[in-house]
Amino acid sequence: MMGVAVSDLFAAIQGYYGGSVIGNFTRFTKFYRVMMQAEPYAREDMQSLSQMTVRNLNGEMVPLNAIITLKRVFGSELIKRYNMF
């Protein structure tokens, strides 16, 4: 509805919160890797979604909190598995 592809949304979340390699360059015979990630203070709580944006198909920037709604869900603390099943 807002013109944001799901892959673009996931890529933005990965970049902001998890970090991603966005490029490489060589300078003075040394190889450098360019990483993208938000500062730790900018990703420490749920309200940080309102500060982060993703580009839609029209080239406009859409805040992540207009697309994503977070809900706290509790699961079991221990999961027993047998042969990874």
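A nonpolar core is a set of buried Ala, Val, Leu, Ile, Met, Phe, Trp, Tyr and Cys residues joined through side-chain atoms within 4.5 Å. Buried here means under 20% relative accessible area, with exposed over 50% and partly exposed in between (1.4 Å probe, protein chains only). In this protein, the largest such core has 8 residues: Leu9, Ala12, Ala38, Leu49, Met52, Val54, Leu64 and Ile68.

Welcome to the structure! This is a predicted model, in which local features need pLDDT of at least 70 and side-chain atom pairs count only at pLDDT 80 or more, while totals for chains, interfaces and linings use all residues. Residues are numbered from 1 along each chain as its sequence is written, and side-chain values use heavy atoms, with hydrogens and water left out.

**Overall layout**

- The protein has 1 helix and 4 strands; helices (H or I, at least four residues) and strands (E, at least two) are DSSP runs, numbered from the N terminus.
- Along the sequence, these elements come in the pattern α-β-β-β-β.
- The radius of gyration, taken over C-alpha atoms, is 18 Å, whereas a compact globule of 85 residues would have one near 12 Å; the globule rule is 2.2 Å times the number of residues to the power 0.38.
- Along the principal axes, the C-alpha atoms fill a box of roughly 55 × 40 × 25 Å.

**Surface and contacts**

- Of the 85 residues, 15% count as buried.
- The protein exposes about 7,500 Å², and carbon and sulfur atoms supply 56% of that area; accessible areas come from the Shrake-Rupley method with a 1.4 Å probe, and for residues only the protein chains shown count as cover.
- Among the contacts (heavy atoms within 4.5 Å) with a separation of 6 or more, 35% involve residues 24 or more positions apart.
- Leu49, a member of the largest nonpolar core, touches Tyr17, Leu64, Asn65, Ile68 and Leu70, leaving aside residues up to four places away in sequence.

**The helix**

- Phe10 sits in helix α1, which covers residues 6-18.
- Phe10 is exposed, because its relative accessible area is 54%.
- Phe10 and Val54 are 44 residues apart along the chain, and their C-alpha atoms are separated by 9.6 Å.

- Strand β1 (residues 20-27) and strand β2 (residues 30-36) run antiparallel and are joined by 7 bridges; two strands pair if DSSP finds at least two bridges between them.
- Asn24 stands opposite Arg33 in β2.
- The hairpin has 2 residues between its strands.
- Phe28 lies in the loop between β1 and β2 and has a positive phi of about 55° although it is not a glycine.
- Thr29 is in the loop between β1 and β2 as well, and it has a positive phi of about 60° without being a glycine.
- As background, most residues other than glycine have a negative phi.
- Phe28 is exposed, because its relative accessible area is 69%, and Thr29 counts as exposed at 79% relative accessibility.

**The aromatic pair**

- The structure holds 1 aromatic pair.
- The ring centres of Phe25 and Tyr32 are 5.2 Å apart and their planes are at 20°, so this pair is stacked.
- Rings of Phe, Tyr and Trp (its six-membered ring) pair if their centres lie within 6.5 Å, and planes under 30 degrees apart count as stacked, over 60 as edge-to-face and the rest as tilted.
- Phe25 counts as partly exposed at 40% relative accessibility, and Tyr32 counts as partly exposed at 34%.
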